[in-house]
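Here's a quick briefing on charged side chains and who pairs with whom. Have a look at the model first, then read on.

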Amino acid sequence: MASLPAGVELVLAAKGRRPEEVLEAVGAGGAIVGENYVQEAEAVIGAIGGRARMHFIGHLQRNKVKMAVGLFDMIQTVDSVTIAREVDRRCAQIAKMMPVLVEVNSGREPQKSGVLPEDTPALVREVSLLTHVRVMGLMTMGPPATGVDDMRPYFASTRQVFDAIARAGLANVEMRYLSMGMSDSYLVAIAEGANMVRLGREVFGDR
Ligand SMILES: *Cc1c(COP(=O)(O)O)cnc(C)c1O
């Protein structure tokens, strides 16, 4: 398992892994499991039985929100008011407060999910008005890395947006987590301020 500096939280990116593999990684010290698919999460939760917190890190579809809010402890990929409102509405029904990260499309890729950096503060402000959702930071993927250092500007710009929002001191917003960096890029991400990294291959091996 990757050894991370103090203060950096590991999310086991578990897509496509068998529940037994995930259970083993949790036993080896993974406290947070990240899942991209709601259905897959159900099987994993069955296997790990409360031994780890569950974070949703995939693209959340509106028709999956009801199920997702019952399963996850955090949703890292809120990128529109529409999806935030649906999370809020479904959480209100089960009297739950959902911590969320806002996903930033730092690479400005048209096909990718996430909100553009310049639109992020306004989205955070709107989400902050919801009563059953609490913004706890930002998440970004960045474009597919060709070389590790190519990722640095995307992480740095996300960090700048993060700091600006934190300085604004909005009510019902707690800028605690900056989730960025995957197996190929987590060291650069940490150098640029990430305090949460999402590792798949580095932990589980190649898929
Ligand atoms: C798969 C995935 C990861 C981990 O990717 P690796 O390259 O296997 O470390 C991190 N974040 C998200 C959102 C993912 O889908």
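Predicted model: local features only at pLDDT ≥ 70, side-chain atom pairs only at ≥ 80, totals over all residues.

A quick definition first: a residue is called buried under 20% relative accessible area, exposed over 50%, and partly exposed in between.

**Salt bridges across the chain**
- E9 and R53 pair up through their side chains, at 3.6 Å from N to O.
- That pair links distant parts of the chain, with E9 in strand β1 and R53 in strand β3, 44 residues apart.
- D184 and R201 form another salt bridge, 3.2 Å from N to O.
- Here D184 sits in the loop between β7 and α7, while R201 belongs to helix α8, 17 residues away.
- D184 is partly exposed at 47% relative accessibility, and so is R201 at 36%.

- R108 and E118 make a salt bridge whose closest N and O atoms are 2.7 Å apart.
- Both lie in the loop between β5 and α5, so the bridge ties together parts that are 10 residues apart in sequence.
- E118 is partly exposed at 47%, and R108 at 46%.

**An arginine without a partner**
- R17, in the loop between β1 and α1, is buried yet has no salt bridge.
- Its nearest side chain of opposite charge is E21, 4.4 Å away.
- Beyond its sequence neighbours within four places, R17 is in contact with residues including E40, R201 and D206.

Note on methods: Residues numbered from 1 in each chain as written. Heavy atoms only, no water. Helix = DSSP H or I, 4+ residues; strand = E, 2+ residues; numbered from the N terminus. Buried < 20%, exposed > 50% of the residue type's maximum accessible area, 1.4 Å probe, protein only. Lys, Arg positive; Asp, Glu negative; His and termini not counted. Salt bridge = Lys/Arg side-chain N within 4 Å of Asp/Glu carboxyl O. Contact = heavy atoms within 4.5 Å.
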